[in-house]
Amino acid sequence: MGLFQDAFSRVGRVVMSYAGDTAFLHAACSAAAAVILADQEIDEEEIETALADLGNNPILHKSYGVLKLEQELHEAIARAKSRAGRLENLRLVGAIADRALEQRQDVFLIAADVADQGGISELEHKALDEIAEVLGVEKAALLGV
């Protein structure tokens, strides 16, 4: 049964990648935005890293063009400028909490790569803690990757 479930899961991921997995897109952009604005400053290097990581993700790469990724990231950044928006971003990240561990780790690692531009600050660590908690992933183990 495990082999059948694994094959079914892989087929499901491929179908989702071609159909456009908006929940995954929103989660990845929202996690990146949480880190980008953790220190209340928008750093162009962080945005470039976020866009590169979003574009390199196989699910997002197959489903969305660069313009759509940019648009979603900038919308998530705009939300992250207010308390209500930051909460909404965390809800969007949490919307994939029931997904496969690999997908949750991918979202966390996108945010971690963004935070790691110039070293991860204390505020960015706090944002990564919240993201890891919502996703149910091991922050320390993933940052060691």
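Q: What pattern does the protein chain follow, read along the sequence?
A: The pattern is α-α-α-α-α-α-α-α-α. The chain has nine helices and zero strands, where helices (H or I, at least four residues) and strands (E, at least two) are DSSP runs numbered from the N terminus. This is a predicted model, in which local features need pLDDT of at least 70 and side-chain atom pairs count only at pLDDT 80 or more, while totals for chains, interfaces and linings use all residues. Residues are numbered from 1 along each chain as its sequence is written, and side-chain values use heavy atoms, with hydrogens and water left out.

Q: What makes α2 mostly covered?
A: Buried means under 20% relative accessible area, exposed over 50%, and partly exposed in between (1.4 Å probe, protein chains only). In α2, 11 of its 15 residues are buried, among them Phe24, Leu25 and Ile36. The buried residues of α2 pack against α3, α4, α5, α6 (83–94), α7 and α8. Over the whole protein chain, buried residues make up 38% of the 145 residues.

Q: Why does the span of α3 agree with its number of residues?
A: The expected span of a helix is 1.5 Å times one less than its number of residues. The 13 residues of α3 should therefore span 18 Å, and its end C-alpha atoms are 18 Å apart, so the two agree. For α2, the reach from first C-alpha to last is 21 Å, close to the 21 Å expected.

Q: What makes a set of residues the largest nonpolar core here?
A: A nonpolar core is a set of buried Ala, Val, Leu, Ile, Met, Phe, Trp, Tyr and Cys residues joined through side-chain atoms within 4.5 Å. The largest such set has 39 residues, and Leu73 and Phe108 have the most contacts inside it. At least two residues of this core come from each of α2 (22–36), α3 (44–56), α4 (58–63), α5 (66–79), α7 (101–115) and α8 (122–135). The most come from α2, which gives 10 residues.

Q: Which residues is Leu73 in contact with, leaving aside its neighbours within four places in sequence?
A: Contact means heavy atoms within 4.5 Å. By that test the partners of Leu73 are Cys29, Ala32, Ala33, Ile36, Ile47, Ala50, Leu51 and Leu54.

Q: Which residues of α3 are buried?
A: They are Glu46, Ile47, Thr49, Ala50, Asp53, Leu54 and Gly55. Their cover includes α2, α4, α5, α7 and α8.
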